[in-house]
Amino acid sequence: MKLHCEVEVVSRHLPTLGLRNRGKGIRTVLSLCQQSPRSQLRPACLLISTMKDKRGTRYELKENIEQFFTKFVDEGKATVRLKEPPVDICISKANSSSLKGFLSAVRLAHRGCDVNTPLSTFTPVKTSEFENFKTKMVITSKNNYPLNKSFPYSLEHLQASYCGLVRVDTRMLYLKNLKKLDLSHNHIKKLPAIIGDLIHLQELNLNDNHLQSFSVALCQSTLQKSLRSLDLSKNKIKALPVQFCQLQELTDLKLDDNELIQFPFKIGQLKNLRFLSAARNKLPFLPSEFKSLSLEYLDLFGNTFEQPKVLPIIKLQMPLTLLESSARTVLYNRLPYGSHIIPFHLCQDLDTAKTCVCGRFCLNSFIQATTTMNLHCVAHTVVLVDNMGGTEAPIISYYCSLACFVNSSDMLK
Ligand SMILES: [Zn+2]
């Protein structure tokens with residue numbers, strides 16, 4: 001029985017000698033070996049083999065374990081504390097289900113019970129076994145795509161481009177160490193929600209696929225904490241959900257060559273965004289929250305920006321409907337809401353409420369006006385929006401009352 005992981009063996013004498021451990025494991029093959037092949041009792045021992053020491057170091061297990069530390073076993077980490085020698089075997093980067101199986105076998109060996117799995121022999125570990133530690137894999141053609149072989153679980157960077165994939169391979173979704181996933185130039189139509197379970201995923205490249213949407217589930221997954229760079233260029237996306245702006249760690253976002261007719265209107269909430277390109281889409285306007293962005297680079301070339309309308313659209317209700325007035329109150333006071341309390345369509349209304357320049361909200365009673373803004377106000381480097389040399393784009397703004405509209409028009413003058 002073997003486990004591929006990283007191991008650091010820490011002597012508990014180190015602190016008394018005034019020394020500290022390195023705090024970093026090295027690639028290891030852990031094997032549970034049989035002490036002597038002919039022995040009936042089969043007391044098993046633990047063999048720790050590394051690239052430098054393929055023969056490995058042997059540790060007795062029978063009645064020799066002081067404690068197991070398994071709080072983070074789901075993250076592929078655990079520590080086995082031995083009595084003699086007084087060391088802690090710190091395991092990390094293991095596949096969590098294999099680790100659980102391995103630890104229960106170790107536990108049996110400690111009790112002197114029969115380990116119900118085939119034990120390894122003491123033959124030195126082959127170099128090829130260390131291939132399981134590959135962290136990067138680049139596949140750029142169908143022919144090289146592994147159909148019968150699994151992906152090394154330790155992969156941190158996986159690229160599978162030009163492979164004709166029509167969906168995300170489920171085997172990739174078990175690669176819990178993935179930081180970079182590049183599936184550009186395939187035919188993927190839909191993203192499974194469990195991509196959001198890749199807790200370390202920082203870069204996701206889906207350039208040149210057939211995506212039509214980016215789901216709310218993904219926007220609300222752990223990607224909120226990890227995803228820095230997202231490339232959705234050359235797809236067929238018409239709109240992104242409001243919740244997209246919850247991907248707060250995003251710094252780079254590419255949306256070129258899609259069919260976007262609007263940005264998520266809370267885009268200003270993407271405080272870390274530095275690089276934004278959405279060239280060759282169908283954007284007629286930018287949302288007013290666009291003004292809150294603080295970018296280094298912005299490319300909106302080749303959109304179908306409309307001329308700002310001279311007259312505002314007035315949709316003020318007098319008096320406000322009960323719905324309008326309660327919605328404004330809920331949002332202004334940040335009262336929590338959800339489909340478990342109120343009907344789903346009301347949640348959607350609240351999610352898509354418009355923000356007035358005064359910071360209050362409005363649903364159906366508002367004044368809508370368009371102005372222009374120079375994109376240099378939000379980005380250091382701006383690609384021209386058209387061939388005429390312009391860097392101005394129309395912004396759509398909402399006002400909750402006549403007073404807010406008049407005040408802001410005065411400010412503009
Ligand atoms: Zn207002």
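1. Between which two strands does the loop holding Pro85 lie? In this predicted model, Pro85 belongs to the loop that connects β6 (78-82) with β7 (87-92). The peptide bond joining Glu84 and Pro85 is cis, its omega being about -5°.

2. A cis peptide bond also leads from Met318 to Pro319, where omega is near -5°. Pro319 is placed in the loop between β17 and α4 (322-332). The reader may wish to view this proline together with the strand pairing described in point 7.

3. On overall form, the protein has six helices and 22 strands. Its radius of gyration is 29 Å, whereas a compact globule of 413 residues would have a value near 22 Å. Taken along the principal axes, the box filled by the C-alpha atoms is roughly 95 × 50 × 45 Å. Of the 413 residues, 31% count as buried. Among contacts with a separation of 6 or more, 44% are between residues 24 or more positions apart.

4. Helix α1 covers residues 96-111 and has 16 residues. From the first C-alpha to the last it reaches 23 Å, close to the 22 Å expected at 1.5 Å a residue. After the helix comes Gly112, which has a positive phi near 80°.

5. For Asp257, phi is near 55°, and the residue sits in the loop between β13 (252-254) and β14 (275-277). For Arg334, phi is near 50°, and the residue is found in the loop between α4 and α5 (344-351). Are these residues buried or exposed? Asp257 has 20 other C-beta atoms within 10 Å and is therefore buried, since a residue counts as buried at 20 or more. Arg334 has 7 other C-beta atoms within 10 Å and is therefore exposed, the limit for exposure being 12 or fewer.

6. Strand β20 (residues 366-374) pairs with β17 (residues 313-315) in the antiparallel sense, over three bridges. Within this pairing, Lys315 has Phe366 of β20 as its bridge partner. How many bridges join β20 to β22? Eight bridges do so, and β20 and β22 (residues 392-399) run antiparallel. Here Met373 stands opposite Ala393 of β22.

Key
Residues are numbered from 1 along each chain as its sequence is written. This is a predicted model: local features need pLDDT of at least 70, side-chain atom pairs count only at pLDDT 80 or more; totals for chains, interfaces and linings use all residues. Two strands pair if DSSP finds at least two bridges between them. Helices (H or I, at least four residues) and strands (E, at least two) are DSSP runs, numbered from the N terminus. The expected span of a helix is 1.5 Å times one less than its number of residues. The radius of gyration is taken over C-alpha atoms; the globule rule is 2.2 Å times the number of residues to the power 0.38. Two residues are in contact if their C-beta atoms, placed from the backbone, lie within 7 Å.
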